[in-house]
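Student: I would like to go through this structure and ask what the terms rest on.
Tutor: Here it is.

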Amino acid sequence: MMPPGAGGGATSVGRMCGIVGFTGSSSAAAPGPEGLAVVLEGLRRLEYRGYDSAGVAVLADGPGADGTPPGLTSAKRAGRLARLVEALEESPLLEGSTAIGHTRWATHGGPTDANAHPHLSADGRLAVIHNGIIENYAVLKAELQAEGVVFASETDTEVVTHLLARTLAEQPAGGAGALAESMRRVCRQLDGAFTLLAVHADSPGTVVGARRNSPLVVGLGDGANYLGSDVAAFIAHTKEALELGQDQVVQITATAVEVTGFDGTPVTPRAFTVDWDAEAAEKGGHPWFMDKEIHEQPKAVADTLLGRSDAAGAMVLDELRIDESTLRGIDKIIVIACGTAAFAGYVAKYAIEHWCRIPVEVDLAHEFRYRDPVLTPRTLVVAISQSGETMDVVMAVRHAREQGAKVLAICNTRGSTIPRESDAALYTHAGPEVAVASTKAFLAQITACYLLGLYLAQLRGNLFPDEVAAVIGQLHAVPAAVQEVLDGAEAVRALARELVDAPTVLFLGRHVGYPVALEGALKLKELAYIHAEGFAAGELKHGPIALVEPGQPVFVIVPSPRGRDSLHAKVISNAAEVRARGARTIAIAEVGDDAVLPHADVVIRVPAVPTLMAPLVTVVPLQIFAMEVATAKGYDVDQPRNLAKSVTVE
Ligand code: F6R
């Protein structure tokens, strides 16, 4: 949403940015790490969150070269982080062991140096960075302008800077905790969603943060502490972290972390240990994070299955904090998610309805609460989110709980908002997903949904124990099947190079192949900027077939010929229909399926797996295809234009 009153056409900015704060020892005897280096390293790891401008502010430990007293020094640039780094090489900042940094993602208005963060107070002694939107920005700005405050940017964030400076000036001079207290007072005046970090020249060695509806976690170091939009910001330094809740202010120094509510009540935050390390967030020799993450998919599935069934194949989901009698009484499931996570939900619908005989609806989270969904205490809402921070999903979770439904989060990120606000969480163990386009999280989400479906079927007696064990066995065979696709991916890469100039690509699938078609199209749109559409194969003749003209590439996700009903034959007919109209058909088909040969110009082979396991395998060539087309076009695969990894605005 656009902050009101931004004026001038294209000036307002919503953010789902990367935020880092650090403070370490600044004593001459035991100097801590250089604050700027720590913050730049954190920003590099967070750049996937937003990458249209970057900035840093450092509290200097000693006097400036010209003898000026210690103070605040800062720099910011529109563009990628590399531009800021270049600027810092040309004009270095003063050294200091307390610093904050920001990468920004703008929803409205061109990113400029002036709009980049940090935003400084008029005297240059206070710096503020922000993720989110201050909804009552216009009213506050008008008030400040009436007092004579001059604004240097078009952002809503700058309002916070000036309010904070004004509030701080009203505090007893030099009072310990003055910055934190001022932050609490300012936050009480703000509407909207925000994570804020502030440093002030009069509060050396201190960073103050605040959060409402936007992510912020604390990293606990040895003689140093960290703040970050997510743990990637400080994973190179510590795995010990604290979750912050809604409407809380945190003050970190090198040796202490103090958390309070906006009203000043002390809070004890929940501690957690990050279960992956810095190396997991590095490219490890792959050209792209996405390539690495595609290759990590066998492990993502295997790790998500780990410890969730016993030796006899019975399901054990100890972490489900919803009691068994409630789960037995569920009469409807609604999956809420966005983008790729929603497609995982569509896949899950087929499996859960089949195993549990419970109706499953799938809703895009941003549509969910506006349609006035029918929710009762017997509804189980399953919120799927890799990041755990997608604002559309957060709001949908809140709505569902307000209406009395139970909410289960399927999430990849510990310490994030969605699992914290849900009744229970089932974590996917995909490891950090850095590339903006989701890949391994998709496979892990489907796996976790299947575990949930099997657990419910076991609990409610819909499946016999040997049937549950058989499906678990099929899931355990998926990593090897995915590996086989990865090992034989050269044909897909060659096809991508050949189709690099295709103006539009269509994807067809039926049953669980339909969400795979949607996901294949989404990957190609977001990475290669090619118009692409996914269709339910049977829907084609109801309109979309009019798009087909000679040479039009059409991917067809072909179900197993050994699968249920006449799915295979139906999809083959759909392939024949488009090919008869001149389409260039590319079949994703099981090894040994010769029935596709007369209807396909190209056949990409995948190993034979049972029908419900097929999406975990057939999506992989489509991910590789999109990545290769984007690479051939010279695009940035990990950070496609206009996107951000974690969509923390509605
Ligand atoms: C597409 C993609 C997005 C996300 C969506 C939800 O490649 O990554 O469509 O799947 O923004 O994100 P999470 O799962 O973090 O809620």
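Tutor: A polar contact is a pair of N or O atoms within 3.5 Å; within protein, one must be able to donate a hydrogen and the other to accept it, and residues adjacent in sequence count only if both atoms are side-chain atoms. The model is predicted: local features need pLDDT of at least 70 and side-chain atom pairs 80 or more, while totals for chains, interfaces and linings use all residues. Residues are numbered from 1 along each chain as its sequence is written, and side-chain values use heavy atoms, without hydrogens and water.
Student: What does the side chain of D593 reach at 3.1 Å?
Tutor: The backbone nitrogen of A595, at 3.1 Å, and the limit is 3.5 Å. With the side chain of H568, the side chain of D593 makes a polar contact at 2.7 Å.
Student: Where is D593 found?
Tutor: In the loop between strand 23 (584-590) and strand 24 (602-606).
Student: What makes strand 15 and strand 17 a pair?
Tutor: Pairing takes at least two bridges found by DSSP; 5 bridges join strand 15 (residues 332-337) to strand 17 (residues 379-385), so they pair. I336 stands opposite A383 in strand 17.

Notes. Helix = DSSP H or I, 4+ residues; strand = E, 2+ residues; numbered from the N terminus.
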